[in-house]
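Biologist: I would like a close look at one part of this model. Please keep the answer plain.

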Amino acid sequence: MQRRRRSRWPLFGSALGVAALLATSACTVDVPTEDDNNDGGGADGTSMLLAADNGSPTFDRNFNPYSPGKRTTTTLIYEPLFVTNTLDGTETPFLASEKEQPDPATVIFTIREDVTWSDGEEFTPDDVVFTFDLLKEFPALDTNGVWALIESIEVDGQDVVIHLTGDNVPAAAIIQKTIIVPEHLWADVEDPTTFTNEDPVGTGPYALGEFTPNEYTLERNEDYWQVENVAAQELILPASNTQLDVVNNGYDWAYAFMSDVENTWVAAAEGNTFWFPPGGTIALFPNLTMAPFDNPEFRLGLSAALDRERIAEVAEEGYVDAAGMSGLLLPNQEAFLNPDLPDGGAVAQDVDAAVSHFEAAGYTMSGDQLVDSAGTPLALTLTTPNGWTDWLRGATEVQTQLAAVGIEVTLNQPQPAAYQQELQNGNFQLSMGSFGGTGSIYEDYNRLLSSEFLQPVGTTTTANFQRYSDPDTDALLAELRVTLDEDRQLEIAYELQTVMFEQAPVISMFYGGLWGLFSEANFTGWPSAEDPYASPATWDANPLLVLTNIEAAG
């Protein structure tokens, strides 16, 4: 099994927006009879049928790890230096065996020895430096922005020493997720930005097998440096992975939301199980540039008016929990929870408290309406993307609950692309949104609260969509960025949770689930609530953790 290490503050930026990953559409499927169900690709206990890649509608043969059109499983052929469990920040060494930060501006990775590329060539620290130099020469490949963090890089024996542009403790976790490619092959690639890499050579647990537009296979790399931890000899990846396919065809691992999962997926075959851990926080994002949302008392009133447990039940069919106002993803990050937060940051519905907060913000009840000092009833618009049915259910419940405290809410449902543009440009009053789930305390709070992302309404920003700005909060984030003192790091995390709880820059409601479906017929040891060593996600580097931890059944 992989040896897992705890690093308190890994900065892990997901390649996909959390909102996109957590959006789901509830649908139902017919449960097959026992006669209809087949054993799928994993029937012999060595092959795995995996819903991890989808054709559009068929597959393009692209295994360039830096290409936006790459096959999802490219990250099983190539490896990064470390892999972070986005649930709790635990780091596992892969192509690097050790990491050291002797000071906030230097990162040293000790590169693993006795590793070979799948063509038999030796893997060396020079491959690592070549990869980073390649990203510098072709900035379009640098999708994680590592060269905004790196001043220089050099080899010192088996170590790769990276000098940063300044003090930046969380930078290491961005740098270490870089996928490493072989110098002896990629040095001859004329334009790696258009290179499709149809015959990939990597260090990872799998190599490309048969490939067709409708299905391809990955075969276990028998020379892999930890091949003894790789149970599945073959991965079978169809281009079509509908919910009917997943239920009827005997998949071993899939990522899909299913209504009534017990009577669909679980009932479909013996050994079918599921795990839906929290992967981010779904929240109301108030536009802090406009009244009444620029008043913390009003925001606290909104928070107190909500029955979060009811909203979670309606939105996600009881699969996820209500979220508190700490800003943490619980129970994943419970070790960092401020013990002084009342009820661990949970906020129960309290209409009397809500009315008191509204009064402090200048709004009072007049009959069954909340009115301002001029007697004008308060009316708000809540934006949620069209087609994201779980969010719509949640938004509709918010609409109902706020009506009970005298606030008229109109729902605005733009198409997803238009929703993203409105959110990024600040063209909304109150919006459904999501945050967190990177596995990094610093990254989650920084992207939510930092003034570095602050832009005027009408100008696009990539984070802090509610446009929060506070010098004291910025100072906390700046200190967290540069301190190596773990005790001080924890103290700052506590202070940032207090900001979330007392100022309500966003109003957390419920957790967005990660929808993992597993079969224990052929493989066991899947991640679970009892052993959350990885998330159920089938993308990015996460499958490296899963596929080096599961075991063959029996």
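Biologist: Is Glu 113 buried or exposed?

Modeller: Glu 113 is exposed, because its relative accessible area is 54% (exposed is over 50%, buried under 20%, partly exposed in between, using a 1.4 Å probe and protein chains only). The model is predicted: local features need pLDDT of at least 70, side-chain atom pairs count only at pLDDT 80 or more, and totals for chains, interfaces and linings use all residues. Residues are numbered from 1 along each chain as its sequence is written, and side-chain values use heavy atoms, without hydrogens or water.

Glu 113 sits in the loop that runs between β6 (106–111) and α3 (125–137) (helices are DSSP runs of H or I with at least four residues, strands runs of E with at least two). Together with Asp 114, Asp 119, Glu 121 and Glu 122, Glu 113 forms a negative surface patch (its residues have over 30% relative accessible area and no salt bridge, with like charges joined within 9 Å; a salt bridge puts a Lys or Arg side-chain nitrogen within 4 Å of an Asp or Glu carboxyl oxygen).

Asn 464 lies in the loop between α13 (441–449) and α14 (471–482), and counts as buried because its relative accessibility is 2%. Its phi is positive, near 50 degrees, although Asn 464 is not a glycine. Asp 540, in the loop between β22 (523–524) and α16 (542–547), also has a positive phi, near 55 degrees. At 27% relative accessibility, Asp 540 is partly exposed. The loop between β2 (47–51) and α2 (74–77) holds Pro 57, which a cis peptide bond joins to Ser 56, with omega about 0 degrees.

Notes
Patch = residues over 30% accessible without salt bridge, like charges linked within 9 Å, V, L, I, M, F, W, Y side chains within 5 Å. Areas by Shrake-Rupley, 256 points an atom, 1.4 Å probe, with all protein chains shown as cover. Lys, Arg positive; Asp, Glu negative; His and termini not counted. Charge placed at Lys NZ, Arg CZ, Asp CG, Glu CD.
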